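Dear colleague,

I am handing over the structure we spoke about, with the sequence alongside.

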Amino acid sequence: MSLDSFDRALLKAVQRDATTSQIDLGEQVSLSSAAVNRRLKKLGSAGVIQRTVAQVNPASLGYVLTVITEVEVESERLELLDEMKRTFMACPQVQQCYYVAGECDFVLIMLVRNMEQYTQLTRSLFFQSNNVKRFKTLVSMSNVKTGLAVPTDLEG
């Protein structure tokens, strides 16, 4: 889908606050609310907007630690990798999972309440898996920047 400057402005605005009314969005990007409505529907249908969610403060629900874990696998057989992906996707504490090239095979961003919870997760996610060779844990001392907003400008 080709995005014009109006689409990019709308995407920037809804990434900032998806609860903004279509009238207010129209005023921000110089379009009618009907045009905003049509464009947002089109962006959703095309898969540019994948979903609309609320961003919740993890600490308000007791998730005070962010843990980054690098996982190295024993075997890269597709069925074993697919099973690991399914396991990681099913775990609510795993916020992000990346299958990567380099020294490790997966990078996981996890939210946990405390180190005891992380220890329990390592047992279920890594030690019970026959395919984990080793894993390395990094504990965030300060989450300087988090988010999933995609830059909307063409230059980068």
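Which helices and strands each supply at least two residues of the lining of the largest pocket? They are helix 1 (5–16), helix 2 (22–29), strand 1 (65–73), strand 2 (94–99) and strand 3 (106–112), where helices (H or I, at least four residues) and strands (E, at least two) are DSSP runs numbered from the N terminus.

Before the details, please note that this is a predicted model, in which local features need pLDDT of at least 70 and side-chain atom pairs count only at pLDDT 80 or more, while totals for chains, interfaces and linings use all residues. Residues are numbered from 1 along each chain as its sequence is written, and side-chain values use heavy atoms, with hydrogens and water left out.

Pockets

A pocket is taken here, on a 1 Å grid over the protein atoms alone, as an open set of points where a 1.4 Å probe fits, with protein on both sides within 12 Å along at least five of seven lines, and its lining residues have an atom within 4 Å of a point. Volume is the space filled by probe spheres set on the points, which are joined across faces, edges and corners.

The largest pocket holds about 1,800 Å³ of space and is lined by 43 residues, with Val53, Gln55, Gly147, Leu148 and Ala149 lying nearest its centre. Helix 1 gives the most to this lining, with 5 residues. By class, the lining of the largest pocket has 24 nonpolar, 15 polar and 4 charged residues, where Ala, Val, Leu, Ile, Met, Phe, Trp, Tyr, Cys and Pro count as nonpolar, Asp, Glu, Lys and Arg as charged, and the others, Gly among them, as polar.

The second largest pocket has a volume of about 150 Å³, and its lining includes Leu80, Met84, Phe88, Leu125 and Asn130. Helix 4 (78–90) and helix 5 (115–127) each supply at least two residues of that lining, and helix 4 gives the most, with 5 residues. The lining of the second largest pocket divides into 4 nonpolar, 5 polar and 1 charged residues.

Rings

Rings of Phe, Tyr and Trp (its six-membered ring) are paired if their centres lie within 6.5 Å, and planes under 30 degrees apart count as stacked, over 60 as edge-to-face and the rest as tilted. By this rule there are 5 aromatic pairs. The rings of Phe126 and Phe135 have their centres 4.5 Å apart and their planes at 35°, so this pair is tilted. The rings of Phe127 and Phe135, with centres 5.6 Å apart and planes at 75°, form an edge-to-face pair. Ring pairs link Phe88, Tyr99, Phe106, Phe126, Phe127 and Phe135 into a cluster.

For accessibility, buried means under 20% relative accessible area, exposed over 50%, and partly exposed in between (1.4 Å probe, protein chains only). Phe126 is buried at 2%, Phe135 is partly exposed at 25%, and Phe127 is exposed at 60%.

Cysteines

With a disulfide defined as a pair of cysteine sulfur atoms within 2.5 Å, the count comes to 0 disulfides. Cys91 is in no disulfide, and the nearest cysteine sulfur, that of Cys97, is 10 Å away. Cys91 is buried at 9% relative accessibility, whereas Cys97 is partly exposed at 30%.

With best regards
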